[in-house]
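Please read the points below with the model open beside you. They begin with a cavity, then turn to a helix and to the chain as a whole.

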Amino acid sequence: MSYIRIIASALIALAAVPSYANKEPYYVEVWANVLYGTDGHPLQYSLVDEEKYPLAFADNVKARVAKTKVPPAEADGMPATLRSGVRLDFLVTPSADGGGQVRMAGLSMSPIPTKRYAASYPDDIARSGGWEGAVEAACTVGIDGKCRLIEVRALPGMPESVRRFAKASLEGWSFIPQELAGKPIEGEYVFRVRLHTLDTYPEDFRQDRFLRLLHSR
């Protein structure tokens, strides 16, 4: 039985922002669930948690999604539909008055995360004054939506505790797998996070703060 493995990575790093740096720019992600037709154009699409976003913002994001196009997919040599998560990354630059600017910073495809988990912060890093670093881990998402294989990618000299942190974190994640011709397939999700000794844990997702900014407009 043949299958097509589609690997699509989320390549924008979600930087952890220390509590003392609340005015620093940060990234936030918005997800869409998209069904692409055999020509690579969207047939159906919806935003994940769309009800949380202001109508104007949601409409703007959906308009961007509607313009996306992927290489036509095939299954067993025949044209096929492809359902995938589409992740849109936005860079938020806060202003002194509590508002801020929002601009799109990237777009990628991958399985959609439904459960996110951060393992315990490495004790040795927490005790190391001034330590800062980033780690990347690639999760092969199985058809059951779990990480079937995790590959941690780190620069030489990266503490082993940070590698364990990245792996243990992704082991707790769940996803909506991508689908080819209506059947779930394996995909890939790339997790990048920056750790800092002043953080209690990596702040990967800043949706609450982002939503407050959007609703204040």
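This is a predicted model: local features need pLDDT of at least 70, side-chain atom pairs count only at pLDDT 80 or more; totals for chains, interfaces and linings use all residues.

1. The volume of the second largest cavity is about 40 Å³. Counting cavities of 30 Å³ or more gives 2. Empty space of this kind is found by rolling a probe the size of a water molecule over the atoms.

2. Helix α3 (residues 160–171) is 12 residues long. From its first C-alpha to its last, α3 reaches 17 Å, close to the 16 Å expected at 1.5 Å a residue.

3. Which residues of α3 are buried? They are Ser161, Val162, Phe165, Ala166, Ser169 and Leu170. These residues lie on the same side of α3 because they cover an arc of only 165° around the axis.

4. The protein chain as a whole contains 4 helices and 13 strands. Of its 217 residues, 48% count as buried, a label that here means under 20% relative accessible area.

5. How much of the contact in the protein chain joins residues 24 or more positions apart? Among contacts with a separation of 6 or more, such residues account for 73%.

Methods:
Residues are numbered from 1 along each chain as its sequence is written. Side-chain values use heavy atoms; hydrogens and water are left out. On a 1 Å grid over the protein atoms alone, a cavity is a set of points where a 1.4 Å probe fits but cannot get out, and a pocket is an open set with protein on both sides within 12 Å along at least five of seven lines; lining residues have an atom within 4 Å of a point. Grid points are joined across faces, edges and corners, and a volume is the space filled by probe spheres set on the points. Helices (H or I, at least four residues) and strands (E, at least two) are DSSP runs, numbered from the N terminus. The expected span of a helix is 1.5 Å times one less than its number of residues. Buried means under 20% relative accessible area, exposed over 50%, partly exposed in between (1.4 Å probe, protein chains only). The arc is that of the directions from the helix axis to the C-beta atoms. Contact means heavy atoms within 4.5 Å.
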